[in-house]
Amino acid sequence: MLEVLVINCLDDNYSYLIRDKKTNTVGVIDPSEFKAVNLKIEKTYRKLDFILNTHHHNDHVGGNLELKKKYNSKIICSKLDEKRIPGADIKKNEGDEFLIGETKFQVISVPGHTLGHIAFYSENSKIIFTGDTIFSLGCGRIFEGTHLQMLNSVEKIMKLPKSTLVYCGHEYTKKNGEFCLSIDETNIKLKERIKNVDNKLQINLPSIPITLGEELETNIFFRFEDNKVKNKLKMNNASKLEVFTKLRNLKDQF
Ligand code: ZN
Ligand code: FE
């Protein structure tokens, strides 16, 4: 069994403290900064065995070196990013597996936002940490990869079981929801979700995690083959890459 604690970092980043209950093995996903993460560790598990990075951006690795030094943690990241991730120890490729205690994780390569971006997926725990690839109701900006790479990455995630819980790197859900609604105006499930998100944010609760099943029904970046969406964009005969690219470009200007 895996326990997950959400840590608010910087302006709108989320880091996640995870603990394999049986073995008391502790990890953190994307420590944006030392201070907030350390405070949470001091209040809870008082140890940190592993640091897992989805990609090299500073708002995801900012706490790496200080945490590693204080807790003698091992840093797990993509082999492609070994030179860009501060303190990289254990380098992984697509499909590689590793254990946090007895919880098995699989590395899924998801290029697009950056070329070395990876997601951490645990089939048994039904959980995925997506970094800046998939957000609640959104997807990451394409900085290094191509739209085709990002589309392929999104499709990899779409194929996972619907009950998978998605933990992403930022609290962008409200703004993302507004964008989804601007295109998918008649989606009742989307409207319900946006209401739900507003309620949570109003009382300072994170809008995540969210199940993949809910995302599939409401996140516009998963709906590039939906006829209503294509119709709205006047792209009825367009390929999924063309529709996905259009959506990403519209979001960049939203
Ligand atoms: Zn990023
Ligand atoms: Fe980020």
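Student: What makes four residues donors of the zinc ion (ligand 1)?
Tutor: His-55 (NE2), His-57 (ND1), His-113 (NE2) and Asp-132 (OD) coordinate the zinc ion (ligand 1) at 2.2 to 2.3 Å. Donors are N, O and S atoms within 2.8 Å of the metal (3.2 Å for Na, K and Ca), so these atoms qualify. Water is not among the atoms, so sites may look incomplete.
This is a predicted model: local features need pLDDT of at least 70, side-chain atom pairs count only at pLDDT 80 or more, and totals for chains, interfaces and linings use all residues. Residues are numbered from 1 along each chain as its sequence is written, chains are lettered from A and ligands numbered from 1 in the order in which they are written, and side-chain values use heavy atoms, with hydrogens and water left out.

Student: Why is the arrangement around the zinc ion (ligand 1) called irregular?
Tutor: Its 4 donor atoms subtend angles of 86 to 173°. Four donors are tetrahedral if all angles lie between 85 and 135 degrees; four are square planar and six octahedral if opposite donors are over 155 degrees apart and all others between 65 and 115; anything else is irregular.

Student: What makes the pair His-57 and His-113 a tie between parts of the chain?
Tutor: The zinc donors are spaced H-x1-H-x55-H-x18-D in sequence. His-57 sits in the loop between β4 (50-52) and α2 (58-61), and His-113 in the loop between β8 (103-109) and β9 (118-122), so the pair joins parts 56 residues apart in sequence. Helices (H or I, at least four residues) and strands (E, at least two) are DSSP runs, numbered from the N terminus.

Student: Which residues are the protein donors of the iron ion (ligand 2)?
Tutor: Asp-59 (OD), His-60 (NE2), Asp-132 (OD) and His-170 (NE2), at 2.1 to 2.3 Å from the iron ion (ligand 2). Their spacing in sequence is D-H-x71-D-x37-H. Asp-132 bridges the iron ion (ligand 2) and the zinc ion (ligand 1), which lie 3.2 Å apart.

Student: Why is Phe-221 called buried?
Tutor: Its relative accessible area is 1%, so Phe-221 falls under the buried limit. Phe-221 is in the loop between α7 and α8 (227-232).

Student: What does Phe-221 touch?
Tutor: Beyond four places in sequence, Phe-221 touches residues including Gly-138, Val-154, Phe-179 and Phe-244. Contact means heavy atoms within 4.5 Å. Phe-221 and Phe-244 are 23 residues apart in sequence, yet 6.7 Å apart in space, C-alpha to C-alpha.

Student: Where does the largest share of the lining of the second largest pocket come from?
Tutor: From α6, with 6 residues. α6 (188-202) and α7 (212-218) each supply at least two.

Student: Where does the largest share of the lining of the largest pocket come from?
Tutor: From α9, with 3 residues.

Technical notes
Buried means under 20% relative accessible area, exposed over 50%, partly exposed in between (1.4 Å probe, protein chains only).
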